[in-house]
Amino acid sequence: MAETVAASRERRKLSLGGLAAPLAFAIVLIGLWKLLVTAFAVPAYIMPPPEAALAAFEADPGKIGLAVFYTLRNAAAGLAVAFVVAISLAAAFVNSKAATRAVLPIVIGLRTAPVLAIAPILIMVFGRGIGTAIAVVVIVSFFPIMVNAMKGFSSTRKNALELMHVLGASGAATFIKVRLPFALPFIFAGLRSAATSAILAAMLAEWLSGAPGLGTMILDAASYRKNDLLWAAVIVSMVLAYLIFSLTTAVERRLTSWRG
Amino acid sequence: MADGAIRPARRAALGMLGGIAAPAAIVVALVAIWQGAKMAGLLPITVPAPSAIAEAFGRSWSDLLYHMVPTVLSAAAGFVLATLIALALGAVAVSWRRSEATILKLGIVVDSIPLIALTPILMVWLGNGISSRVVIATIAALFPLLVGVVQGFKAVDRNVSELFHILAASRWQRLRKLAFPSALPYLFSALKIAAPLSVLGALIAEWVSADRGLGIMMIYALFSFDVPLAWLTILAVCFVATLAYGLVALAERIVLGGPQDPVGATGGAHG
Amino acid sequence: MTEILIDHVVKDFTIDRRSVRAIDDISLTFPSGSFSALIGPSGCGKSTLLRLVADILAPTAGTIRVGGLPPGEARLRHEIGFVFQDASLLPWRTVLENIQLPLEVAGGPIGDGPRPENLIRLVGLSGFENAKPAQLSGGMQQRVSIARALTLRPKVLLLDEPFGALDEITRQRMNMELLRIWQETGTTAILVTHTIGEAVFMADRVHVLAAHPGRLVTSIEVDLPRPRELAMLQTPAFNHFENAVRAALFGDELKAVSVG
């Protein structure tokens, strides 16, 4: 599977371009922000100048860093649990016609329901620890992954399944060699959509429960009118969400390059 | 003989999801088990019996209605606004090909902003009124709509497009008789995803700050530890979201004559 | 010796809760080492018949024997090779890896089965071992599919319109190669096709089916010498067999035209 030199060069160019464009975009945005604030003499409580937000960040990078760590940890832990549970359930269901028929409509129905709305219940039931924050992430990420995985597992081409059957392949071999690879693009679509909402879910859970993290930091900064810190935290959370989106997209592209 | 043979029925299993009996039975069974478990004392105090939630509804349904109105209004306004913006941006993206990547990327950036990060800032800018809640509901629903519109406008079959060219159809005829009808199924499946999302957006905005709305009712119930009422408000939100979804699905059924899922797996809703 | 026996086979499908008869009491014998063709309009059940022999479907009534064994047993002994209409390659695997798939499933070669490298040479794909399916033309993909079907040295080769999607010229070439491969491997081959010329050119015996429900009209012995050569296409003998098949396919319609 040797990659040609040209192809690898092409890829490097792409990844560089993929980094340069958002950076340029960010710089332009910051420039506009500065221009806006100075040109119209916007009061700091409406929009602090970029350097104020930067100063707030520099004043206590450890504090913001710790908040990022908590939020990321909760999001990652929740995402991991949701991923494992959703994939195993989807794999189990796809082998049973009756189970698929009974469960898939419920899962699809719940996917469209605003699952985050039940976060307050989870906080009430499980208390205000990190367990709750993770639980919120789990229920939010679970449905997109599960729905896509089920779609993916059942998207396998009929002929490929018949081929494995003619070859006398076991269910496990068929799953590993055919169903799973065919489902990968779907699973990643679900994972990507779950990853961005996992950050949102983690922040919301922190916010509602008061557990430490970016969500609580933003809420506190807003209620104590620490506007510079608020903007610094908001920007950090935006960058974080964008990085996670890009990361999952890159991993997806790499693992499903055969789709061409 | 050939027990191991793949039966065609299994392949069709996912296509035949029309059956509503099995899922409904599961839901009923779950509620019954829930009630039974509560009566057997197996559930914590924070989980009320379904019957207690029903009682709470009987007790405070007028309160619920009072708080439901602004939530529904801001969600609906946000939904409509998001649809209009998505249609406009989508039309630009498709008629001016070079802008498509930029517009979609911008959509991704806006979509990846955690809503709760934006909410406090918008509250400062737009004040504590309904306008800030509408804006948040709009942002919550925008991205799936944008993706659906762009995909839909691009879904025109190439052969049919060539046919329109041969028929010397005008730009307007193309749009009306070709682009719009081929985009409709995509648009509807995006609308179905977006409708509950706009409800969620309105709810999050109300959590932050509002004096009337399901979100603030939920927070009050939570702080006063009125467990059945807290559950009731959450059920009410789910009901509004499901209703929104159902209305779009109904419109889809009327316009297209049935549900269609052309998008396949284009990611899920952002719960 | 691998004779295929189809004895009073009936196959019903359930569509929208209604039972539809796809195959109505067909009995056929495919002598060991012969090349047979099944031809008929769409809906005549020719592909269904092939899938019954491969144990992909189970007959509603009647019995099938492959070398004296039920199809399920023949399948598990890896005696059946199947070539689908679309090549049905796994898109994430290279040419070589696709051809190796049956070996992985079977856990190694059966007896003195051919080596994948030799199969690649046999189907004329040397130099393309590491190409992905997306990089190959339709004809080349189908060659891979044929090589894959031969990997486990099957005694029976089932071909479901293998060249239906190819252009006339490529198809003719592939047919010549298929005949060469068949003669080298000595398998019992069944070809499903909807092209009269192809059926006559390839087969020792052409079975003509009619649709709704699928049933056998007649079987025509093609008494052309082997090896078959392209020049035969222009001989009166070839024409004679073509006309015989055409007459069986169109029946009275044809007569009405020739009178008028």
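This is a predicted model: local features need pLDDT of at least 70, side-chain atom pairs count only at pLDDT 80 or more; totals for chains, interfaces and linings use all residues.
## Overall dimensions of chain C

Chain C contains 9 helices and 9 strands. Its C-alpha trace extends over about 60 × 45 × 35 Å along the principal axes. The radius of gyration of chain C is 19 Å, which agrees with the value near 18 Å that a compact globule of 260 residues would have.

Buried residues make up 43% of the 260 residues of chain C. Of the contacts in chain C between residues at least 6 apart in sequence, 71% join residues at least 24 apart.

## The six-stranded sheet of chain C

Chain C has an open sheet of 6 strands with mixed pairing, in the order 5-6-7-3-8-9. Strand 5 and strand 9 (215-221) of chain C are at the edges with a single partner strand each, so one side of each has no neighbour in the sheet. From one strand to the next, the twist averages 15°. Helix 8 (residues 236-250) of chain C packs on this sheet, where it touches strand 3, strand 8 (205-210) and strand 9 of chain C. The direction of helix 8 makes about 170° with that of strand 9 of chain C.

Strands of a sheet pair through backbone hydrogen bonds, and the pairing is either parallel or antiparallel. Strand 3 (residues 35-39) of chain C is parallel to strand 7 (residues 188-193) of chain C, with 5 bridges between them. Strand 3 also pairs with strand 8 of chain C in the parallel sense, over 4 bridges. Leu38(C) takes part in both pairings: its bridge partner in strand 7 of chain C is Val192(C), and in strand 8 of chain C it stands opposite His207(C).

## The hairpin at the sheet edge

Strand 8 and strand 9 of chain C run antiparallel and are joined by 6 bridges. One of the paired positions is Ala210(C), whose bridge partner in strand 9 of chain C is Arg215(C). The hairpin formed by these strands has 4 residues between them, and His212(C) takes a positive phi near 50°.

## Contact between chain C and chain A

This contact takes 21 residues from chain C and 18 residues from chain A. On the chain C side, helix 2 (71-76), strand 5 (80-83) and helix 3 (95-106) each supply at least two residues. Helix 3 of chain C gives the largest share, 4 residues. By class, the chain C side divides into 14 nonpolar, 4 polar and 3 charged residues. Strand 5, one of the contributors to this side, is also an edge strand of the sheet of chain C.

## Contact between chain B and chain A

Here 53 residues come from chain B and 56 residues from chain A. Elements of chain B that give two or more residues include helix 1 (8-12), helix 2 (21-39), helix 4 (100-112) and helix 5. Helix 10 (227-256) of chain B is also among them, and it provides the largest share, 9 residues. The side of chain B that touches chain A has 38 nonpolar, 11 polar and 4 charged residues.

## Helix 5 of chain B

Helix 5 (residues 115-126) of chain B has 12 residues and reaches 15 Å from its first C-alpha to its last, close to the expected 16 Å. Its buried residues are Leu115(B), Ile116(B), Ala117(B), Leu118(B), Thr119(B) and Pro120(B).

The cover over these buried residues draws on two chains: it includes helix 8 (171-209), helix 9 (214-223) and helix 10 (227-255) of chain A, together with helix 6 (130-154) and helix 8 (171-208) of chain B. Just after helix 5 of chain B, Gly127(B) has a positive phi of about 85°.

Technical notes
Residues are numbered from 1 along each chain as its sequence is written. Chains are lettered from A and ligands numbered from 1 in the order in which they are written. The expected span of a helix is 1.5 Å times one less than its number of residues. A residue is buried if 20 or more other C-beta atoms lie within 10 Å of its own, exposed if 12 or fewer, and partly exposed in between; C-beta atoms are placed from the backbone. Two residues are in contact if their C-beta atoms, placed from the backbone, lie within 7 Å. Ala, Val, Leu, Ile, Met, Phe, Trp, Tyr, Cys and Pro count as nonpolar, Asp, Glu, Lys and Arg as charged, and the others, Gly among them, as polar. The radius of gyration is taken over C-alpha atoms; the globule rule is 2.2 Å times the number of residues to the power 0.38. Two strands pair if DSSP finds at least two bridges between them. Axes are lines fitted to C-alpha atoms, for helices over the stretch in contact, and angles run from 0 to 180 degrees between N-to-C directions.
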